[in-house]
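Reader: I would like to go through the disulfides and a cavity of this model, with the reasoning behind each label. Please set each value against its cut-off.

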Amino acid sequence: MTSRAALRTAYRRTLTPRRALVAFGAALGMTGAALAANVTLSTTATAATWPSANGSQPVTATISLSGTKDYAMKRLYGSGALGTGDQAEDQLPILKLAAGTVLKNVIIGPPGADGIHCEGSCTLQNVWWEDVGEDAATFRGPNGSTYNVTGGGARKASDKIFQHNGGGTLNISNFAAQDFKTLYRSCGDCSTSYTRKVNLNTVEVTAPGSRIVGINVNRNDVATLRKITIIGDSSRKIIPCQKYNNNTAVGTGPDSTNCLYATSDVTYR
């Protein structure tokens with residue numbers, strides 16, 4: 001009979017080629033969104049595998065996109081007027097996506113300016129931020145918009161990774177965050193008030209970090225968390241769901257109205 005130790009060794013060996021394939025494919029610009037979503041998140045206590053860039057391109061003025069754009073793992077970074085990675089408000093984005101845009105396989109490198117703006121429903125597939133500037137992505141569409149973030153990751157976010165200023169629902173899946181303050185924040189002081197929703201499924205966060213989501217309970221925001229893995233936070237300082245009345249913190253933890261998750265939905269490693 002095969003021992004448990006032998007089985008564990010065999011299992012680990014099966015992981016190595018798959019993770020190597022992701023890195024190899026990313027370096028060649030061949031990683032598809034489905035592949036990245038399936039295997040870039042680690043099944044062990046180590047953090048996700050981050051891709052290598054297939055060339056770099058400076059961006060001196062915001063690039064407007066529509067339709068489907070696949071950058072084949074090219075790195076875009078700010079230069080000139082976009083050459084900042086600080087936390088100054090109202091910075092311009094590297095990429096501005098019209099409603100309905102699908103963006104695939106791109107790395108936003110430093111300086112990151114204000115990352116990506118979605119002006120309506122959008123899909124971000126296998127998008128990586130190496131060093132988040134003001135925000136990684138801002139979602140600005142009207143009520144009824146649906147934003148999908150599938151695969152990818154972001155790190156070195158001294159403030160927020162995803163900022164939800166418009167209406168609608170943001171779905172985040174198979175995503176990795178490292179060294180961040182807030183993964184998702186529903187705007188607490190935007191001029192137009194919305195009820196916003198965010199759904200997280202299969203998300204890996206690595207300390208240091210402060211909170212995974214921040215939502216406005218006075219605006220009836222709803223956050224749903226499933227299959228969340230928190231790495232390197234033995235004292236459990238990272239808050240899965242922070243509740244606000246606009247910008248005033250009013251509580252944390254699961255409930256049946258705004259922060260929809262059970263303690264079993266969050267795993268610590």
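Reader: What makes cysteine 187 and cysteine 190 a disulfide?

Author: The model is predicted. In it, the sulfur atoms of cysteine 187 and cysteine 190 are 2.1 Å apart. A disulfide requires two cysteine sulfur atoms within 2.5 Å, so the pair qualifies.

Reader: Why is the disulfide of cysteine 187 and cysteine 190 called right-handed?

Author: The torsion about its S-S bond is about 105°, and therefore the link is right-handed.

Reader: Why does cysteine 187 count as buried?

Author: Its relative accessibility is 3%. Buried means under 20%, so cysteine 187 falls in that class.

Reader: How many disulfides does a search of the whole structure find?

Author: The search finds 3 disulfides. One of them joins cysteine 118 to cysteine 122, with an S to S distance of 2.1 Å. That value is within 2.5 Å, so the label applies here too.

Reader: What is the handedness of the link between cysteine 118 and cysteine 122, and why?

Author: The torsion about the S-S bond is about 90°, so this disulfide is right-handed.

Reader: How do you know whether cysteine 118 and cysteine 122 are buried or exposed?

Author: Cysteine 118 has a relative accessible area of 0%, and cysteine 122 has 3%. With the limit for buried at under 20%, both residues count as buried.

Reader: What makes cysteine 241 and cysteine 259 a disulfide, and which hand does the link have?

Author: Their sulfur atoms lie 2.0 Å apart, which is within the 2.5 Å limit. The torsion about the S-S bond is -70°, and the link is left-handed. This pair links distant parts of the chain: cysteine 241 sits in strand β15 (residues 239-245) and cysteine 259 in strand β17 (residues 259-260), 18 residues apart.

Reader: Why are cysteine 241 and cysteine 259 called buried?

Author: Cysteine 241 has a relative accessible area of 0%, and cysteine 259 also has 0%.

Reader: What is the pairing when the bonded cysteines are numbered in sequence order?

Author: The pairing is 1-2, 3-4, 5-6.

Reader: What classes make up the lining of the second largest cavity?

Author: The lining has 4 nonpolar, no polar and 2 charged residues.

How values were computed. Residues are numbered from 1 along each chain as its sequence is written. This is a predicted model: local features need pLDDT of at least 70, side-chain atom pairs count only at pLDDT 80 or more; totals for chains, interfaces and linings use all residues. Side-chain values use heavy atoms; hydrogens and water are left out. Buried means under 20% relative accessible area, exposed over 50%, partly exposed in between (1.4 Å probe, protein chains only). Helices (H or I, at least four residues) and strands (E, at least two) are DSSP runs, numbered from the N terminus. Ala, Val, Leu, Ile, Met, Phe, Trp, Tyr, Cys and Pro count as nonpolar, Asp, Glu, Lys and Arg as charged, and the others, Gly among them, as polar.
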